[in-house]
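Visitor: I should like to learn how to read a predicted model, feature by feature. May we begin with how a helix is placed against a sheet?

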Amino acid sequence: MEHYGEQTASGFLHVAPESKEPYAPDVLAKLAEDAAAIVARYPVKRSALLPMLHLVQSVDGYIAGRGVTFCADALGLSEAEVSGVATFYTQYKRHPNGDYTVGVCTNTLCAIMGGDQIWDTVSEHLDLGHDETTTDGKITLERVECNAACDFAPVVMVNWEFYDNQTPESTVALVDDLRSGAPVKPTRGPNRQCTFKEMSRVLAGFPDGLADEGVGAGPASLIGLEVAHEHDWRAPRPQSAGELMAPEHETVTLKDERTIKTEVAAESLAQARVADTKAGE
Ligand code: FES
């Protein structure tokens, strides 16, 4: 495929002629078998479109024209309906994608913590802008929105696996390792980095067996839980519909905490008002 780097708005709309070439018979047979397994999970065929798009992406590395046709035929949809969905979600690529999608989070918290510097450095290092791919087909670079990993900011994702607490230097080393084929391990999650096609197959609903590997919740995510354990804090349990009540000793603990905070806040406010009054005199 020769469309790495074709990133303009018109590039997204471009369908390369070869993307319409029919699948080889053995590939088509396997696709049909997998599609049947996906469709069987849903009461209505068309509901299977999202995993089906991941399935064809796991074969082509992007949503090729023939993938759109395959999904439309399998689900009784028009190609326009399939394309409308494929162009709506950013996880579906309309041009050949690299083996590794490197997403630098530049949303608010990561940006403040250094995400913007990471983006600038890696973008310059790879000579890529948003959604562009290196000429060797290894890396597609993206700006991404919050990954729900703000406690490890700044965060970089590779095919949606987490690389926590990154720096410009560590991210440059990461992309260099990915390009050279050196072993790379996410901070949390599986013990090896999967490729874009492998990840797409998992998203289609075919587990790779790696879901329980490695660290799940990292230390920063568990601090609140540790504090709660230390103080024996528990969430109130509902005792009847519409009524949230905790056992008496827990209610007292929570009430005491809140009372203390309220008193401290009220005292601070009163002091601020006094200071304000004196300043105005
Ligand atoms: S802002 Fe980057 S993970 Fe939330």
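Visitor: Which strands does α6 lie across, and at what angle does α6 run to β1?

Guide: Helices (H or I, at least four residues) and strands (E, at least two) are DSSP runs, numbered from the N terminus. Axes are lines fitted to C-alpha atoms, for helices over the stretch in contact, and angles run from 0 to 180 degrees between N-to-C directions. Two residues are in contact if their C-beta atoms, placed from the backbone, lie within 7 Å. Here α6 lies across β1, β3 and β4, and its direction is at about 140° to β1. This is a predicted model, in which local features need pLDDT of at least 70, side-chain atom pairs count only at pLDDT 80 or more, and totals for chains, interfaces and linings use all residues. Residues are numbered from 1 along each chain as its sequence is written.

Visitor: In what order do the strands of the sheet stand?

Guide: Strands of a sheet pair through backbone hydrogen bonds, either parallel or antiparallel. Two strands count as paired if DSSP finds at least two bridges between them. In this model 5 strands form an open sheet in the order β2-β3-β1-β4-β5, with mixed pairing. β2 and β5 are the edge strands, each pairing on one side only.

Visitor: In which sense does β3 pair with β1, and in which sense with β2?

Guide: β1 and β3 are parallel over 6 bridges, and threonine 101 stands opposite threonine 140 in β3. Strand β2 (residues 132-133) is antiparallel to β3 over 2 bridges. Threonine 133 also stands opposite threonine 140 in β3, while glutamate 132 stands opposite leucine 141 in β3. β2 and β3 form a hairpin with 5 residues between them, and glycine 137 in the turn has a positive phi of about 75°.

Visitor: How many residues of β3 are buried?

Guide: A residue is buried if 20 or more other C-beta atoms lie within 10 Å of its own, exposed if 12 or fewer, and partly exposed in between, the C-beta atoms being placed from the backbone. By that rule 5 of the 6 residues of β3 are buried, and the strand is mostly covered.

Visitor: Which residues of the largest nonpolar core touch the most other members?

Guide: A nonpolar core is a set of buried Ala, Val, Leu, Ile, Met, Phe, Trp, Tyr and Cys residues joined through C-beta atoms within 7 Å. The largest has 27 residues, of which Val102, Val104, Val122, Ile139, Val155, Val156 and Val175 touch the most other members. Two or more residues each come from β1 (100-105), α6 (108-126), β3 (139-144), β4 (156-158), β5 (161-163), α7 (168-180) and α8 (196-203). The largest share, 5 residues, comes from α6. Apart from this core lies another, of 22 residues, among them Ala48, Leu55, Ala64 and Ala74.

Visitor: Where do the buried residues of α8 fall around its axis?

Guide: An α-helix has 3.6 residues a turn, so residues three or four places apart point the same way. In α8, Phe196, Met199 and Ser200 are buried. Seen down the axis, the buried residues of α8 fall within an arc of 105° (taken from the directions from the helix axis to the C-beta atoms), so they line one face of the helix. They pack against α3 and β1.

Visitor: Which residues of α4 are buried, and what covers them?

Guide: In helix α4 (residues 65-75), the buried residues are Arg66, Gly67, Val68, Phe70, Cys71, Ala74 and Leu75. Their cover includes α2, α3 (49-60) and α5 (79-86). Leucine 28, found in helix α2 (residues 25-39), is 9.0 Å from phenylalanine 70, C-alpha to C-alpha, although 42 residues separate them in sequence.

Visitor: Is aspartate 232 buried or exposed?

Guide: Aspartate 232 is exposed, because 9 other C-beta atoms lie within 10 Å. Its phi is positive, about 55°, although aspartate 232 is not a glycine.

Visitor: Where does pLDDT stay under 50?

Guide: pLDDT is the predictor's confidence in each residue, from 0 to 100. Where pLDDT is low, the predicted coordinates should not be read in detail. The protein averages 86, and 79% of the residues score at least 70. Over residues 1-13, pLDDT stays under 50.
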